[in-house]
Amino acid sequence: MNYFLEQLATLDWLDDENVLKVLPMVGKPSDALRDVMMKLLMKAPARVEFSALKAVKKKDMMLMNV
């Protein structure tokens, strides 16, 4: 997660004039990408918890079948 947070600080290249000529957008592309990445990072803990709960449930089901 630290890696992704560090990358959020280095997105200024997206706002380069040459990039914006090829990729026209309303607003700054770096801001849009930061927003998307932050939303995904904020959802990550819930996804990990959900995966862990699924794994425990599956393990319990397997133990019941033994």
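**Notebook: a chain of helices**

I started with the surface. The accessible surface of the chain comes to about 5900 Å². Carbon and sulfur atoms account for 67% of that area.

Next I looked up burial. The chain has 66 residues, and 11% of them are buried.

Then I turned to the fold. Which elements does the chain hold, from the N terminus on? I read the order as α-α-α. That makes three helices, with zero strands.

I checked confidence after that. The mean pLDDT of the chain is 76. A score of at least 70 is reached by 82% of the residues. Where is confidence lowest, and where is it highest? The lowest mean, 74, belongs to helix 1, residues 2-8. The highest, 78, belongs to helix 3, residues 29-64. I kept one caution in mind: where pLDDT is low, predicted coordinates should not be read in detail.

Last, I searched for salt bridges. How many does the structure hold? I found one. It joins the side chains of Arg34 and Asp31, at 3.6 Å from N to O. That distance counts as a salt bridge because the cut-off is within 4 Å. Both Arg34 and Asp31 sit in helix 3. They are three residues apart, about one turn of the helix.

The cut-off for buried is under 20%.

Terms used
Residues numbered from 1 in each chain as written. Predicted model: local features only at pLDDT ≥ 70, side-chain atom pairs only at ≥ 80, totals over all residues. Heavy atoms only, no water. Helix = DSSP H or I, 4+ residues; strand = E, 2+ residues; numbered from the N terminus. Buried < 20%, exposed > 50% of the residue type's maximum accessible area, 1.4 Å probe, protein only. Areas by Shrake-Rupley, 256 points an atom, 1.4 Å probe, with all protein chains shown as cover. pLDDT = per-residue confidence, 0-100.
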